[in-house]
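Hi,

Here is the model I promised to pass on to you. Have a look at it first, and then read my notes below.

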Amino acid sequence: MLERLGEIVNGDEALVRRGKYFSDTFMIEVGETQYLIEIRQGRIESVATGPFVMRSWTFSIRATEDVWRKFWEKLPPPGYHDIFALLRKGRIALDGELQPLMANLLYVKEVIAAPRKLEAVA
Amino acid sequence: MTAHIEAVTGRYLHLELEGLVNRIYFEEAGQGIPLVCLHTAGSDARQFRGLLNDAAVTENYRVIAFDMPWHGKSSPPVGWEREEYQLTTKRYTNMIMAFCRALALDRPVVMGCSIGGRIVYNLALEHADELGALIGLQAGAYVERYYDSSWLHRPDVHGGEVCAGVVSGLVSPLAPEPHRWETLWHYMQSGPGVFKGDLHFYQVEGDIRDRIGAIDTSTCPLYLLTGEYDYSCSPEDTRAAAARIPGAEVVIMEGLGHFPMSENPDRFGEYVRPVLDEIRERLST
């Protein structure tokens, strides 16, 4: 899923433009598996799969496999359709330096929801 | 070229609130029973553009939607630059009733969304005999804080962008794209700290759980309509409130989120028109 973020995000000119001032690395944890998403000026540079040795990241978004599976459904069920919906229900943890996330919230939300479009890409 | 002018008109009301004159913008359309509409936190009355243009509604209702002070085209009161804006139950209630009296509205129906839905409970408690009926959209009695609202007003995060970012998931994934982005645009345009100030009422001061049991729906009917994708005021939150209010009518709106009238006006119309028809019948008897 996440490994293919680059092809979805980088092909979306409007999304890349929205993230023009976002250059950072953040972590998404899916159950026990960690992914580091490296972004430069709104484009996905790399998606690395853990385990990692001494890698840095700015903020992390962690949830169980089951939560992410529902989140990435093409039409997610109510309560699983947005990271703030997950927050309200305590199904997700946001940690680290959150300023880059909050300053680019619409962009980051759209990036992490991008796997919903995969079916259409495939 | 296609062009048309809506039947909606906009005017400014100069209204004294808390000893200060406020220049308040309101829009209206239609004739008949006054229907006063209250927008959500950090937005403005443009959220009701669909209802104001719904001929099936304006045929029997005089639909009126005002921008709260600090919101939309309403100015903040003189001296705003020295004040941290915070909405409270008292402030909000007085503003709504003062607006209705200034326009000499006879037993208006009041419909509010989110913070507007919350204040509907207080209107039911304190002003039921002056109102024709109440409609709470996305109306919960309380919401615990699930994010830190200080992110909404600080210089290293763009206020408009973050307000839209915070609420974007409150729009249902099924909302038509043009209406989704129009709804977010209103949030992007709100003044610095205004959304946060409204949330003071919504998340901190305006907990009304202990009082709603005293609402008397025989004096003033109460309808509660909630979209299924709302997680700020979820269907469970609305049902929990309604369970404590004898006679409160609940409608869960499928496929809608926290901004039903703005994110999907057509779908919302299908849910609200039967309610408005029923109110019209009740008021005529």
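On the α6(A) side the contact is made by A:L105, A:L106 and A:K109, and α5(B) brings B:E161, B:V162, B:A164, B:G165 and B:V166. Sorted by class, this helix contact has five nonpolar residues, one polar and two charged. Please keep in mind that the model is predicted.

For the two chains as a whole, 17 residues of chain B are in contact with 16 residues of chain A. The side of chain B that touches chain A divides into 10 nonpolar, four polar and three charged residues.

Now to the sheet in chain B. This is an open sheet of eight strands with mixed pairing, in the order β1-β2-β4-β3-β5-β6-β7-β8. At its edges are β1 (9–17) and β8 (249–253) of chain B, each of which pairs on one side only. From one strand to the next, the twist averages 20 degrees.

Within this sheet, β5 (residues 109–113) and β6 (residues 133–137) of chain B pair in the parallel sense, over five bridges.

Lastly, helix α3 of chain B (residues 89–102) lies across β1, β2 (20–29), β3 (33–38), β4 (61–66) and β5 of chain B. Helix α3 runs at about 120 degrees to β1(B).

Best wishes

Technical notes:
Residues numbered from 1 in each chain as written. Chains lettered and ligands numbered in written order. Predicted model: local features only at pLDDT ≥ 70, side-chain atom pairs only at ≥ 80, totals over all residues. Pairing = 2+ DSSP bridges. Helix = DSSP H or I, 4+ residues; strand = E, 2+ residues; numbered from the N terminus. Axes fitted to C-alpha atoms, helices over the stretch in contact; angles between N-to-C directions. Contact = placed C-beta atoms within 7 Å. Nonpolar A, V, L, I, M, F, W, Y, C, P; charged D, E, K, R; others polar.
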